[in-house]
Amino acid sequence: MSIIIDRRLNDRNKNAVNRQRFLRRYKEQIRKSVTDVVSRRSITDMDQGSDVSIPVKDISEPSFHHGSGGDREYVNAGNRQFNTGDKIPRPSGGGGRGAGEGGEGGESNDEFTFALSREEFMNLFFDDLELPHLIRNALGETRDFRWRRAGYTQTGVPANLSVARSLRNAMARRIALGAPLRRQMLELEAAQAAEEEIEAVRRRIERIPFVDEIDLRYRHRVKDPRPISRAVMFCLMDVSASMTEEKKDLAKRFFTLLYLFLTRKYEKVELVFIRHTDDAQEVDEETFFHDTRSGGTVVLSALKLMQEVMAARYPSDAWNIYGAQVSDGDAFGADPEKSRACLSEQLLPQLRYFAYIEVPDHDNRASPLAHAYQRIDSERFAMKSVTARNQVYPVLRELFNREAVT
Amino acid sequence: MNALERGPISTGAEWTFELIERYDQAIHEIAANEFKLDTYPNQIEIIASEQMLDAYASAGLPIGYPHWSYGKEFIRNEQAYRKGARGLAYEIVINSNPCISYLMEENTMAMQALVVAHACYGHNSFFKGNYLFRQWTNADAIIDYMVFARNYVMECEERYGHERVEETLDSCHALMSHGVDRYRHPTPLSVAEERDRQREREEYAWSRYDEIWRTVPVRKDGKAKTRQLGERFPAEPQENLLYFIEKYAPKLEPWQRELVRIVRKTAQYFYPQGQTKVMNEGWATFWHYTLLHRLFDQGLVDAGFMLEVLASHTNVVTQRGFDQRGYGGLNPYALGFAMMSDIKRICEEPTDEDRAWFPDIAGGDWHKVLDFAMRNYKDESFIGQFLSPRLMRQFHLFAVADYEDDSELTVDSIHNERGFQRLRRLLALQYNRDQQVPDIQVVRYEQGGDRSLTLRHQQCRKRPLTEEADEVMKHLSRLWGFTVRLQTVDEGGKELDLKEVKH
């Protein structure tokens, strides 16, 4: 007879492997789509899955088919008004309506859209460099603690005394210690022993203390290390004309990655965007990445502004302050030297970390700014040069590895 | 029948495994004893909707080899399902022995019973009885074969790299529609037969021997040469491109040949399904309708059950008119069900028209006629044989002619006395495989020369190939490893076009 099987508990993700293959094969197209999404998205909601779409034409599987044209007849249903020999104008938009066969395939969607999970999206975003788990401990020691309950102890201050717990212990002890005496008394009473003997046992029972030292229990609390729940991240960027869209894209990736690192560590991360040409401005994200300005380059102006903002809104004893600067390294005259001095002497002591990323036009040339910054000797400072998108992530890992070691 | 006293098997929408089993038993009793449906044993599997999506992607087979195109299919279906653009099928049934049917967990009890009748007894008996399935598929072995294919492909991936396996499979998939045998190859001769034939030939030569031929002068200059030049390979055009590649492609490595074979076998397995869509669905629909009505007659199900079944049944067999929204050509369920029911009607209550059109079956035993039709026809011949004028009227069928040289479409024939014959022939033709798949065959393999391969596309009524053909040719050249050509000829044999992909 028929066999009935319940397969509902079987693996539901049989096609995960095929899905992976699909993503791998169309990585280029999907990445293009991801890039679009990245440029549209704000840094703060980068950390999510996304719908991506790729052209249907790219993913179609070819085979030999009849094309339109030629002579054919097809049979349809639902005739109401036609008679043999009637002429019907050819429907516009391509030859003949292919109603006769396979009408269901006719959805004319040019884009194949589907959802990427958060993980897949991040993978593509960072060009397949898997986000490692070492992020969590890579940020060094924390300075804040929180008390947390952790059961009971036998020692403590009176304020932490747990009355219910202590009395329960006391009762248990009294019952345990009194039991043999009470049994003895009952036996004596049954045997009608001398009054003094019974009296002696009764006094012994009464001498059992109501509460003893060993009964006391105190609520126990332990210190848990907690991150300071607030952090602020300063994004500094040179927006002079030499910073192309491509460079800004690199910058955005770097800032995003740093932001993602920080959000794993802190409950709340605030962003401050400071852009500069020859003077610095605090702007919103949209303006930061997409608005172009013309002008020279004075790096110092941005550092000064950062200092002002910190003083006004983010005191370093209440905030973890991170700085990230992206520039193509152009600086003129005394500016690089002054910037270095400002950074290493005034800013760095108040910061948790400051990363400088350079996006140079040429790999080999040391820019004036990089040249000056090289002399900063602090474990809270790191600098790197990045020319391609897939270098962004390794750089970050390197930067934070270094911090973890110290 | 004591069933009447027993009352309905269940009421309400909730299903349980015990109930499915009881319904299955009741349906089996009617199907096997009363209607003598011959079926494979059934294996009914209850699955969740995600698993149904999985099953979709692998074209219904419970396992398949890994390939990105299945991932694409899966994502496409999932997307459509999540957006609510598409519902899921109530069941999937696999032509295997035992016959595996998937039932969705979300179905109500009535739907489960409907599906059991439809798939486990309708489709199942069709798989077992129809000549195409009997000839081309091996229900006992398919699951094992797919397990083998999956393991083999994965092993190849490990050994030769994902890219190379993927490339080969891509190329095979492009030629999949031309990897099907439509006619049996003659079985190779045994040694004894070979010897017999050889002796026969010898005897024949002896009997025809005449001294006089020895005296005829022979032309000296290279008779052998002309023979060699004229010798073509293959001697006859070959329509199974994948088979030809598997056997003769000069550069393929053994594992690649095996991959070609796997794709070819898969294509062959699905070949009968494409040829019997109308019949298969019509047959299954006819039987769920008939079987469940018998259950109702016996009092095993109540009116609420029947109402739900009929609502769903009606949805399935709706045929929209060409000018209505959602029209997607002729609905195979509607046409198939109508034809099956119509054959029964012709047998039971024939009209004069039926007697004139179907003298053989009018007034016959409907069950025998239906069984005969199921076993020995495919869509094309089934429609050509059994579509009655009454149905053509009922469906308001009409044929539109689309000729390249005319600026307008012409109504070729409609459902009237003059049009019936032609309409039926045109509709049958529409289900001919040549209408869907262009006729492309291997005509020449320069075995002794530059090893190039020539295909011939025999154009059918001036219908060209789509532009994708260029892509397919690239795939072909990848498999072949040498130059490949595609020659397009018209019906007179005149060459119209020649594509060449140099390797």
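**Loops, helices and the interface**

Biologist: Is A:Q192 buried or exposed?

Modeller: The count for A:Q192 is 8 other C-beta atoms within 10 Å. With C-beta atoms placed from the backbone, 20 or more others within 10 Å means buried, 12 or fewer exposed, and in between partly exposed. So A:Q192 is exposed.

Biologist: Some ground rules. This is a predicted model, where local features need pLDDT of at least 70 and side-chain atom pairs pLDDT 80 or more, while totals for chains, interfaces and linings use all residues. Residues are numbered from 1 along each chain as its sequence is written; chains are lettered from A and ligands numbered from 1 in written order. Where does A:Q192 sit, between which helices?

Modeller: A:Q192 is not a glycine, but its phi is positive, near 50°. Helices (H or I, at least four residues) and strands (E, at least two) are DSSP runs, numbered from the N terminus. A:Q192 lies in the chain A loop between α5 (163-190) and α6 (195-207).

Biologist: How are α7(B) and α8(B) set to each other?

Modeller: Helices α7 (142-160) and α8 (162-174) of chain B pack with axes 6 Å apart, at about 130°. Axes are lines fitted to C-alpha atoms over the stretch in contact, and angles between N-to-C directions run from 0 to 180 degrees. Under 35 degrees is roughly parallel, over 145 roughly antiparallel, 65 to 115 roughly perpendicular, the rest oblique. α7(B) and α8(B) are therefore oblique.

Biologist: Within what arc do the buried residues of α20(B) fall?

Modeller: Those of α20 (420-430) include B:F420, B:L423 and B:L427. The arc takes directions from the helix axis to the C-beta atoms. The buried residues line one face of α20(B), because their arc is 165°.

Biologist: Which helix gives the most to the side of chain B that touches chain A?

Modeller: Contact means C-beta atoms, placed from the backbone, within 7 Å. Chain B brings 81 residues and chain A 54. The top contributor gives eight residues: α4 (68-82) of chain B.

Methods: Two residues are in contact if their C-beta atoms, placed from the backbone, lie within 7 Å.
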